[in-house]
Protein chains: 4
Amino acid sequence: MSFNTFGKLFRFTTWGESHGPAIGCVVDGCPPNISIKESDIQIELNKRKPGQSKFTTQRKEDDKVNILSGVFEGRSTGTPISLVIYNKDMRSRDYETIKNKFRPGHADYTYFKKYGIRDYRGGGRQSARETASRVAAGAIAKKVLETKLGKKFKVVGAVTQLGILGCDVSKWNDNYIKKNQLFCPDKSIIKLWEKYLLSVRKSGSSCGAIIEVRARGVPPGLGAPIYSKLDMDLAAAMMSINAVKGVNIGSGMNSAQLSGEQNSDEIFNKGKKTNFNSNNAGGILGGISSGQEIVVSFAVKPTSSILSSRKTIDKFGKNTSISVKGRHDPCVGIRAVPIGEAMMNCVLLDHYLMHKAQCK
Amino acid sequence: MSFNTFGKLFRFTTWGESHGPAIGCVVDGCPPNISIKESDIQIELNKRKPGQSKFTTQRKEDDKVNILSGVFEGRSTGTPISLVIYNKDMRSRDYETIKNKFRPGHADYTYFKKYGIRDYRGGGRQSARETASRVAAGAIAKKVLETKLGKKFKVVGAVTQLGILGCDVSKWNDNYIKKNQLFCPDKSIIKLWEKYLLSVRKSGSSCGAIIEVRARGVPPGLGAPIYSKLDMDLAAAMMSINAVKGVNIGSGMNSAQLSGEQNSDEIFNKGKKTNFNSNNAGGILGGISSGQEIVVSFAVKPTSSILSSRKTIDKFGKNTSISVKGRHDPCVGIRAVPIGEAMMNCVLLDHYLMHKAQCK
Amino acid sequence: MSFNTFGKLFRFTTWGESHGPAIGCVVDGCPPNISIKESDIQIELNKRKPGQSKFTTQRKEDDKVNILSGVFEGRSTGTPISLVIYNKDMRSRDYETIKNKFRPGHADYTYFKKYGIRDYRGGGRQSARETASRVAAGAIAKKVLETKLGKKFKVVGAVTQLGILGCDVSKWNDNYIKKNQLFCPDKSIIKLWEKYLLSVRKSGSSCGAIIEVRARGVPPGLGAPIYSKLDMDLAAAMMSINAVKGVNIGSGMNSAQLSGEQNSDEIFNKGKKTNFNSNNAGGILGGISSGQEIVVSFAVKPTSSILSSRKTIDKFGKNTSISVKGRHDPCVGIRAVPIGEAMMNCVLLDHYLMHKAQCK
Amino acid sequence: MSFNTFGKLFRFTTWGESHGPAIGCVVDGCPPNISIKESDIQIELNKRKPGQSKFTTQRKEDDKVNILSGVFEGRSTGTPISLVIYNKDMRSRDYETIKNKFRPGHADYTYFKKYGIRDYRGGGRQSARETASRVAAGAIAKKVLETKLGKKFKVVGAVTQLGILGCDVSKWNDNYIKKNQLFCPDKSIIKLWEKYLLSVRKSGSSCGAIIEVRARGVPPGLGAPIYSKLDMDLAAAMMSINAVKGVNIGSGMNSAQLSGEQNSDEIFNKGKKTNFNSNNAGGILGGISSGQEIVVSFAVKPTSSILSSRKTIDKFGKNTSISVKGRHDPCVGIRAVPIGEAMMNCVLLDHYLMHKAQCK
């Protein structure tokens with residue numbers, strides 16, 4: 001059982017509401033003697049934090065992380081690491097007008113039906129603000145994996161589709177992704193994307209996105225049959241992110257249209273190194289890593305908070321309508337990039353530890 | 001930790017290899033006093049069992065289930081239900097020629113890299129034969145849900161894309177699905193599908209498929225934030241099925257291309273009943289069921305065992321090639337329909353019990 | 001896996017070191033709509049907090065609890081409740097002299113052997129300071145159980161043996177327990193206990209204790225075969241408390257010496273109410289509550305920090321000796337009473353929710 | 001959640017009723033490439049099986065184990081190992097007369113109150129017959145630990161108190177334990193024990209026992225704070241055995257009466273080896289193994305099935321009386337020795353794997 005806990009051997013438990021005093025998480029199972037500083041975590045949080053560009057929400061949050069336990073003299077001790085981020089720029093009164101209404105496409109309605117009570121301020125626990133905790137946990141997982149697997153290990157994510165606009169994935173450039181505010185991997189398309197996204201924002205509308213996350217330098221053997229498959233856990237990890245509606249491993253949904261010949265990635269050795277002619281499998285066979293690049297992509301639906309008036313009901317069962325003003329991302333998918341990277345790091349570390357337990 | 005166990009409150013643990021003496025599972029957490037007969041389980045197993053038509057593998061297995069515990073005088077007692085299916089039609093010698101080679105696209109290579117040992121006969125534990133155990137567990141979940149939720153509750157799956165051929169989902173017909181051997185929901189396309197699949201088989205090739213599973217009569221409120229979201233668990237469930245590479249909830253990957261207006265399903269009350277104008281969300285908002293139909297689809301890649309010669313390596317690291325004869329499904333996706341239904345039933349029961357524990 | 005998490009459906013995860021900035025816990029699985037105030041938790045924490053009498057350590061801690069999430073307008077929302085207690089009266093320099101030495105009977109040695117690093121200040125994570133978090137979680141469990149089971153439900157603990165001095169358990173008086181600083185249930189023995197404990201303290205020595213915790217008003221049916229037995233979980237709960245070395249259910253270790261006739265508690269009905277002639281079972285049969293009073297007792301070993309010089313080694317492997325001054329409880333068992341009560345409340349709520357899920 | 005599953009990384013799930021067709025278990029998480037034969041398991045089962053002497057029940061069961069999966073060519077493959085034991089000597093009609101009555105001291109009453117249905121034949125799931133599955137799982141754990149830790153590792157249990165008769169534990173002799181039918185460690189007391197037990201049996205009464213289990217050659221560092229303490233898991237393991245009412249680690253309940261000086265085991269190095277002057281801690285400090293011998297003892301209550309007439313009620317709520325004839329152990333504690341050893345092996349392996357995951 002794990003309502004608010006993710007992971008098996010490397011576990012994190014998140015807590016906190018969008019407009020409560022703070023959010024945070026407890027990271028359990030971190031190996032001892034790993035160098036961990038608040039700044040290691042802050043770097044990752046800064047990628048996700050709001051208010052950084054005209055393309056995201058204008059809510060201003062430093063997202064300053066505090067380590068409250070589990071680190072002694074700069075190194076992990078093997079005991080739980082408690083992280084807290086204080087909320088600052090809440091404007092709860094913005095939500096007064098919609099406190100009794102359910103926003104279509106939002107979790108307002110289902111939370112109320114489930115619990116009979118909900119903290120409506122800023123979406124409460126439903127808010128994607130929870131994902132800051134994941135990014136913080138992911139930063140710790142990243143440090144551990146870099147320590148254990150060395151320089152060749154790297155996780156990097158990007159937006160590969162922005163609303164109706166795709167990009168040329170073969171032009172993927174890690175460095176370029178870091179340099180643009182849309183986490184776009186393809187320099188040739190960026191101007192078009194920016195123009196498109198500004199027009200979406202101006203019209204008070206929103207758009208979806210596809211995010212792709214790649215992991216390199218992952219040894220073969222991570223993952224486990226049958227109900228701890230690496231791809232199963234990655235699918236769960238990505239689907240647990242707010243607004244995600246689909247997850248692909250490698251060729252994903254498209255693999256339905258491939259022939260057996262197209263799909264099966266041929267294997268050959270060159271010296272002692274095992275190579276593959278293609279990577280339809282996304283680096284995972286039978287739930288276990290093959291040593292190829294692990295490739296996961298997921299779709300984020302458009303932000304539900306839009307300016308157009310939409311039909312809905314209120315908590316008393318009356319028909320009404322709603323139009324959401326206030327501070328919102330025109331495309332929540334953009335800030336999902338560091339979240340996807342964090343989840344990838346957490347799942348990989350979890351499986352690294354499981355593999356070490358059973359097979360080393 | 002749950003290498004071979006699925007679920008939280010309703011849990012099943014599967015075991016067994018393709019060519020071992022038997023396969024089976026232990027179902028734990030079944031509520032007491034539910035009427036359960038071997039025939040209830042057999043009906044579901046018969047949908048999945050091999051050798052039933054020219055469209056599937058010719059391996060002949062009765063897949064006769066035996067209940068060894070947990071049922072007394074026709075009713076569940078609340079204690080674990082042990083189910084066993086004896087294997088019969090094994091031809092292990094068929095696998096002698098490939099026992100040291102890794103089939104591209106198969107888990108041969110990764111199992112060997114992970115464990116340093118593997119039962120190669122019929123794929124051993126990697127074999128989709130394991131899924132018979134899931135179907136058996138799912139049959140029990142179905143009985144419980146029907147008892148608790150009544151007649152309005154129903155789970156039904158179908159193949160909605162066969163290789164390169166789609167179908168018209170708006171023509172979905174539950175009764176027709178039961179009547180054709182391809183679990184096709186659209187009568188107008190069946191002839192074309194059959195012709196296509198026979199040509200795939202004759203050429204020694206294979207094709208993928210997309211399966212869609214729908215659940216009706218699910219009350220709102222099932223699911224839980226954040227790391228027990230209903231869609232997260234469904235994604236994990238489906239991705240754990242052999243050869244699955246992608247999972248969609250509702251509009252899934254396509255939701256990236258929708259505008260906020262298109263995507264947000266408007267809500268209105270008609271009398272006391274809550275309705276939605278559309279179902280892009282696939283019946284799940286914020287990880288919690290909304291009372292709408294739950295819609296999950298997943299892609300199954302083409303069977304890896306094909307006649308064409310493919311480059312590969314053997315367990316000693318030598319380059320070689322492989323061509324797989326023997327008994328194989330030209331499209332493993334077809335028999336994935338009852339498996340997807342079973343996983344849906346298991347996840348829904350698990351969440352039904354969790355909701356009862358916390359919120360009722 | 002649950003290094004720092006306790007419970008299944010009602011779960012809490014604790015974090016924090018004795019001399020870190022704070023300690024705390026995240027309570028997950030609390031039902032919604034339960035009235036919870038910080039003062040409900042503070043009442044229980046005040047029973048455990050140090051520095052309250054001459055019989056306990058002189059470290060001064062307010063143990064002021066802060067609720068950071070999961071409670072909205074005075075009621076639980078069903079989302080995780082994060083609790084934090086800031087540390088105040090740390091004197092870390094007291095520990096400088098022993099930072100490289102292992103105190104015999106303490107976890108210093110084993111933590112160092114396990115992790116290769118440890119926060120030695122005040123015992124770090126080994127410190128019983130962690131138990132404040134349990135008491136806080138237990139206070140929430142108590143509120144839920146009182147709401148669900150009503151007035152008849154009550155958990156009460158007492159010290160029944162103080163070092164070499166027992167008491168007359170037949171004189172157990174709930175009200176008297178609350179009124180004395182030793183949680184003694186037997187008014188006739190208190191003077192002797194106080195005198196004894198002061199002499200132990202003066203001599204720089206320490207003594208052990210036995211704590212008994214009783215739960216009344218627990219309905220029959222809580223608990224579950226085989227590996228979620230109520231007594232199994234209670235044994236685990238109590239053994240997880242610092243310095244506990246033995247746990248009894250009902251007659252406990254003494255049941256070895258009873259005859260079958262003496263041991264089997266006869267059953268009879270009086271009107272509709274089921275009664276038992278005795279309670280050797282401690283209210284639990286086959287791991288399931290019988291409706292009788294649940295009786296658990298556990299032994300707490302003497303405080304390891306004593307004035308006498310003891311032989312030990314340091315972290316470099318050299319033989320040395322140690323004598324511990326500073327602020328310590330002469331009998332840590334006394335402050336274990338509210339901890340035992342808290343663990344009882346948490347285990348009972350967990351099983352109450354499990355029973356509701358499977359059997360109601 | 002784990003109603004019928006024990007363990008975290010090394011897990012076993014048991015199933016089966018006393019008079020059902022079979023009992024068994026699924027062992028998950030066994031490392032690959034461990035030599036495992038049915039005879040390795042059979043040796044341990046033979047220690048526990050009934051009908052072997054005049055001191056135990058006369059029910060005859062071969063307890064012949066069958067491995068159905070997870071072992072290939074004599075070695076574990078890392079996949080789940082399914083074990084089954086068919087029941088043979090059931091005399092269900094013996095239970096007809098008591099099928100509606102609740103035996104005092106038995107779980108009859110509580111199972112019925114919980115589930116509203118129960119398989120009364122031979123106690124159904126409540127029967128200690130379930131423990132055969134644990135012994136089988138323990139045999140596998142033992143093989144793994146012997147492979148990983150080498151010859152110095154050994155677990156051995158004995159009966160140290162039989163009803164009102166103790167023994168001289170300082171005379172503990174591993175070899176002697178194996179040679180007598182009462183698992184007595186002290187040759188000087190055996191005649192008295194035998195005489196006593198026969199008289200108990202003749203009178204139709206029963207007696208309890210204390211079992212002590214010791215583990216040698218366990219490295220320091222196994223165990224984990226706070227809620228996966230080694231002693232916590234051992235307490236849970238032993239308390240989960242049928243009829244166990246108390247568990248001690250090292251000095252156990254007696255530690256309450258020790259002074260701080262008596263209790264703290266002094267440490268000294270002799271060469272590179274760390275030694276302790278005493279072992280009140282039972283080899284565990286702060287929940288982590290110290291490298292000393294691990295010593296756990298537990299009390300088993302007298303068999304509830306006795307000849308004397310006892311007051312009870314039936315399932316319709318009527319007062320009645322009961323006298324149990326049939327085949328029963330006069331002291332169930334005796335056959336608990338191999339069960340205690342099995343649980344010790346399972347817990348140690350589980351923690352060995354956890355330690356390897358996090359700290360190696």
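## The sheet of chain B

In this predicted model, chain B holds an open sheet of 5 strands in the order β1-β2-β3-β7-β4, with antiparallel pairing. Two strands pair if DSSP finds at least two bridges between them, and strands are DSSP runs (E, at least two residues) numbered from the N terminus. At the edges lie β1 (5-6) and β4 (65-67) of chain B, each pairing on one side only.

Strand β3 (residues 22-28) of chain B runs antiparallel to strand β7 (residues 81-86) of chain B, and 6 bridges join them. Here B:V26 stands opposite B:S82 in β7(B).

## Where chain C meets chain A

Let's turn to the interface. Chain C and chain A bring 40 residues each to the contact (heavy atoms within 4.5 Å). About 3,400 Å² is buried between them, with carbon and sulfur atoms giving 63%; this is the accessible area (1.4 Å probe) lost on putting the two parts together, summed over both.

On the chain C side, β2 (11-16), β3 (22-28), β6 (75-76), β7 (81-86) and α2 (108-115) each supply at least two residues (a helix is a DSSP run of H or I, at least four residues). The most comes from β2(C), with 5 residues.

## Reading the numbers

Residues are numbered from 1 along each chain as its sequence is written, and chains are lettered from A in the order in which they are written. Local features need pLDDT of at least 70, side-chain atom pairs count only at pLDDT 80 or more, and totals for chains, interfaces and linings use all residues, while side-chain values use heavy atoms, leaving out hydrogens and water.
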